[in-house]
Amino acid sequence: MGVPAAQADTIDVSPPGANDWSCKPSAAHPYPVVLVPGTFENMAKNWATLSPALKSQGYCVFALNYGATNGVDATGPVADSARQLAPFVEKVLASTGARKVDLVGHSQGGMMPRYYLGFLGGADKVNHLVGIAPSNHGTRGLITPTPDAVPPATSVGGSNCQACADQQAGSPFLTELNSIGDTVPGPAYTVISTTHDEVVTPYPSQFLAGPAQQVTNITIQDKCPADVIDHDQAPNDPVTQRLVSDALGQPAGRPGNPAYQPSCV
């Protein structure tokens with residue numbers, strides 16, 4: 001989840017394939033895809049491989065940075081970050097002419113949009129939320145940057161990382177988020193998790209409760225037992241990316257196909 005401090009100057013750099021504001025969705029892919037990075041991450045690093053992969057498949061791809069505290073992305077209060085996501089989605093819809101977007105988020109980025117859906121009116125503007133290792137019910141561990149990744153003052157529970165405190169299991173934020181249930185009517189939800197997640201633990205806490213026609217929870221190792229991908233690199237995992245593509249390719253309002261078997265190569 002770490003991002004080198006030197007990358008603080010790249011906050012406006014889009015990942016390859018993203019933020020082409022002239023892109024118009026095709027009939028095959030009518031929903032623009034908005035990529036939402038995780039804690040301590042910026043869009044350029046978090047989506048360096050998935051963004052161009054989706055673009056090559058014919059999607060209009062967009063990405064954003066949010067929640068910066070002292071130059072470190074995605075560390076501010078999660079509810080405030082959701083309030084930054086809302087106008088970005090509006091901008092994408094206005095630019096593309098689409099009725100709804102698909103959201104794909106990693107870690108905090110897979111959970112934070114649920115606040116947008118449930119509390120900020122986003123449910124009518126989102127077709128599908130795909131979470132990669134999302135912190136939906138918090139973690140019993142610590143969300144910390146990799147060594148030398150961010151300024152020393154940033155620490156779990158510290159004033160520079162309110163998002164870290166918000167993502168602790170049982171936090172006031174998560175209590176509010178989940179007080180209305182794991183899902184809201186309208187959007188589909190797909191969760192992609194790894195048993196080797198060392199950040200959002202235990203990994204089943206990432207899963208969402210909901211009817212099968214709205215929610216699909218996938219454990220990567222149930223599909224590919226030898227895959228040892230961890231939390232940080234999950235968005236770059238080819239298996240994860242195939243699962244994301246399958247989820248985005250489902251009919252409107254439907255989650256990922258639980259029977260889909262990606263190639264494990």
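Which residue in β4 is the bridge partner of glycine 105? It's glycine 131. Strands count as paired here if DSSP finds at least two bridges between them.

Before going further, a word on the model: it is predicted, with local features needing pLDDT of at least 70, side-chain atom pairs counting only at pLDDT 80 or more, and totals for chains, interfaces and linings using all residues. Residues are numbered from 1 along each chain as its sequence is written, and side-chain values use heavy atoms, leaving out hydrogens and water.

Now zoom out to the sheet. Six strands line up as β2-β1-β3-β4-β5-β6 in an open, parallel arrangement. Since β2 (61-63) and β6 (215-219) sit at the edges with a single partner strand each, one side of each has no neighbour in the sheet. On average, neighbouring strands are turned by 15 degrees against each other, direction ignored.

The chain as a whole has eight helices and six strands; these are DSSP runs (helices H or I, at least four residues; strands E, at least two), numbered from the N terminus. One of the helices, α3 (residues 78-96), lies across β1 (33-36), β2 and β3, and runs at about 140 degrees to β3. Axes are lines fitted to C-alpha atoms, for helices over the stretch in contact (heavy atoms within 4.5 Å), with angles from 0 to 180 degrees between N-to-C directions.
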